Amino acid sequence: MTATTTAVDADRALKTKHRAMWASGDYPSLATDLISTLGPVLVQACAVRSGDRVLDVAAGAGNAAIPAALAGAEVVASDLTPELFDAGRQQAASWGVELDWVEGDAEALPFVDGDFDTVLSCVGVMFAPHHQASADELVRVCRPSGTIGLLSWTPEGFIGQMFATMKPYAPPPPPSAQPPPLWGDETHVRELFRDRVTDVVARKQTVRIDRFAAPADLRDYFKERYGPTISVYKAIAGDPEKVAQLDRDLVALVERFQHGTDTVVLDWEYLLLTCRRLGPANC
Ligand SMILES: C[S@@+](CC[C@H](N)C(=O)[O-])C[C@H]1O[C@@H](n2cnc3c(N)ncnc32)[C@H](O)[C@@H]1O
């Protein structure tokens, strides 16, 4: 077996694992319950207009894709995990819009060069492990002068810190895999796109989370529905002490981020970044 075959096989195995992780739990309900405002925030930041051809990368159940379709765009929702599409189709139908749902890896998108006016991703592409490969694909499928828009959890925000908290309990990722919250660092994203984009606008914003009565409720909600949390607990299931310690660490994390001591109100930070692909029209 050659080194290339081994690398291809290893990547296929990693993506299969990721797909199973995101298909576990109930990600679509979490997106609806907690972050349904973020899709419209991203669509608005990208100034999506009626008739635009839009690609939502790592679309999940269409948190950004559906608002883009509601704005009148022709939308393709693409994701590694087609198990999430049924929930997306149901939601789209309830809003009275139609989208194309296409299985695809953000690192090898199944679309031709320059196919879309807008390429966006809401806390999505950040979870593909090889950042440069994904960034190259976002640029490739966006037409010259088209818009690329990304909404990503920051490393220092709540979800970034949740990943940092879970890391010591998780099996080590392959050496080539990069941490998702790096996409929440503007410098990192600029380095990925380099001189292929212009008009970069980046700002940090927050989404308020106030539906939980106690820190443990938020933790347990994630244990039940969020693939990455489910997968870490699965890895330590045979070690009750570790499970108890991670339970405590996640409660401590919520307490660190909550406002005041009586209520569980948190503001989760994300980076909202838009830019335009450089091309003949704006060279
Ligand atoms: C946190 S969810 C975000 C989904 C959706 N964009 C939203 O706002 O709710 C992350 C998504 O990234 C997808 N994903 C992970 N790795 C991927 C990859 N390599 N290529 C495409 N999608 C991927 C997962 O299947 C999952 O749907």
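Me: Which residues line the second largest pocket?

Reply: Rolling a probe the size of a water molecule over the atoms shows where empty space is left. Here the lining of the second largest pocket consists of A31, T32, S36, P40, A61, G62, N63, I66, P67, L70, Q91 and W95. A pocket is an open set of points on a 1 Å grid over the protein atoms alone, with protein on both sides within 12 Å along at least five of seven lines, and lining residues have an atom within 4 Å of a point. The model is predicted: local features require pLDDT of at least 70 and side-chain atom pairs pLDDT 80 or more, while totals for chains, interfaces and linings use all residues. Residues are numbered from 1 along each chain as its sequence is written, and side-chain values use heavy atoms, without hydrogens or water.

Me: What volume does the second largest pocket have, and which helix supplies the largest share of its lining?

Reply: Its volume is about 230 Å³, that is, the space filled by probe spheres set on grid points joined across faces, edges and corners. α4 gives the largest share of the lining, three residues. At least two residues each come from α2 (27-34), α4 (65-70) and α5 (85-95); helices are DSSP runs of H or I, at least four residues, numbered from the N terminus. The lining comprises seven nonpolar, five polar and no charged residues (Ala, Val, Leu, Ile, Met, Phe, Trp, Tyr, Cys and Pro are nonpolar; Asp, Glu, Lys and Arg charged; the others, Gly among them, polar).

Me: How much space lies in the largest pocket?

Reply: The largest pocket holds about 990 Å³. Of its 33 lining residues, H18, F163, A170, P171 and P173 are the closest to its centre. α1 contributes the largest share, six residues; α1 (3-23), α7 (158-166) and α10 (227-235) each supply at least two. The lining divides into 24 nonpolar, six polar and three charged residues.

Me: Which residues come nearest to the ligand?

Reply: Among the 19 residues around the ligand, the nearest are Y27, D79, T81, A106 and C122, where a residue counts if one of its heavy atoms lies within 4 Å. This shell has twelve nonpolar, five polar and two charged residues.

Technical notes:
On a 1 Å grid over the protein atoms alone, a cavity is a set of points where a 1.4 Å probe fits but cannot get out, and a pocket is an open set with protein on both sides within 12 Å along at least five of seven lines; lining residues have an atom within 4 Å of a point.
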